[in-house]
Amino acid sequence: MCGRFTLTKDKEEIAERFEIHIDPAMFSKTYNAAPSQTLPIITNTAPEQASFHKWGLIPHWAKDEKIGNKLINARGETIAEKPSFRDAAEKRRCLVITDGFYEWQRSGGEKQPYRITLADESLFTFAGLWESWSAPNGRDVRTFTIITTEPNGLMKPIHKRMPVMLTPENERVWISDEPLEEVLHLLKPYDEKEMNAYPVSSRVNSPKNNDISILNIAQQTIF
DNA sequence: CCAGACGTTGTT
DNA sequence: GTCTGG
DNA sequence: CCAGACGTTGTT
DNA sequence: GTCTGG
């Protein structure tokens, strides 16, 4: 799955790479983006700018916003059927801007966090879905979720799932007006030859730790 | 008909 | 909102 | 995802 | 154990 990621590039570089406008008052780089935070995405309805949504999807029909705590990921295999995701999958797709994500490898009681990036550590996007939920107080809460798929060869030793990563050629297709059926084929594991993974400090475990030192290579136990 | 769920991951 | 279970 | 809380009353 | 907050 994907429950934490990074966005460490300057907003100028992000704006240029995705050809979007970024509100400088809203943007800040992060080494530890976590669920519930408001983060930059590119939606199908406003693809020329960064939109800032809360991580954790609240379906439009929800009575209780707490459901968003659970919907931080959506299985790509079932988004067309699940009541929580199918409307968004058809009409409200998005790109989540990132330059790496964390996964925790479990062996016994131990867990070791890894950071996974493109081989050149460049910017890329996760395939996502977004929603706008009307809170009881009348305000709209805009949210998103990250789609997952089975792991590729790089990820398999680390985790059973991985986020769907899009190539630059595919990212605008994902948020096009095509019917869901026409873009579902994009929800597959990324080419592992284009990726890299390395262990990082367990300081990343606490979402309040958000500085470059969490990227330090962890001591690895070699058996 | 109404009430209640609607999700993922990991672990047992 | 829509579906399932009772 | 992980970390941290998980409670009430009364007083300051 | 389960929920909330980041």
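In this predicted model, helix 2 (86-91) and helix 4 (180-183) each put at least two residues into a negative patch. The patch sits on the surface and gathers Asp87, Glu90, Asp177, Glu178, Glu181 and Glu182. Of these, aspartate 87 belongs to helix 2.

Salt bridges turn up elsewhere, with a count of 10 when a side-chain nitrogen of Lys or Arg has to come within 4 Å of a carboxyl oxygen of Asp or Glu. One of them brings together the side chains of arginine 92 and glutamate 131, at 3.2 Å from N to O. This pair ties up distant parts of the chain, 39 residues apart: arginine 92 is in the loop between helix 2 and strand 6 (93-98), while glutamate 131 is in strand 9 (residues 124-134).

Turning to the strands, 5 of them make up an open sheet, laid out in the order 2-1-7-8-13 with antiparallel pairing. Strand 2 (30-33) and strand 13 (195-199) are the edges, each with pairing on one side only. On average, and with direction ignored, neighbouring strands in this sheet are turned by 30 degrees against each other. Among the residues involved, leucine 118 has methionine 195 of strand 13 as its bridge partner.

Terms used. Residues numbered from 1 in each chain as written. Chains lettered and ligands numbered in written order. Predicted model: local features only at pLDDT ≥ 70, side-chain atom pairs only at ≥ 80, totals over all residues. Heavy atoms only, no water. Pairing = 2+ DSSP bridges. Helix = DSSP H or I, 4+ residues; strand = E, 2+ residues; numbered from the N terminus. Axes fitted to C-alpha atoms, helices over the stretch in contact; angles between N-to-C directions. Patch = residues over 30% accessible without salt bridge, like charges linked within 9 Å, V, L, I, M, F, W, Y side chains within 5 Å. Areas by Shrake-Rupley, 256 points an atom, 1.4 Å probe, with all protein chains shown as cover. Lys, Arg positive; Asp, Glu negative; His and termini not counted. Charge placed at Lys NZ, Arg CZ, Asp CG, Glu CD.
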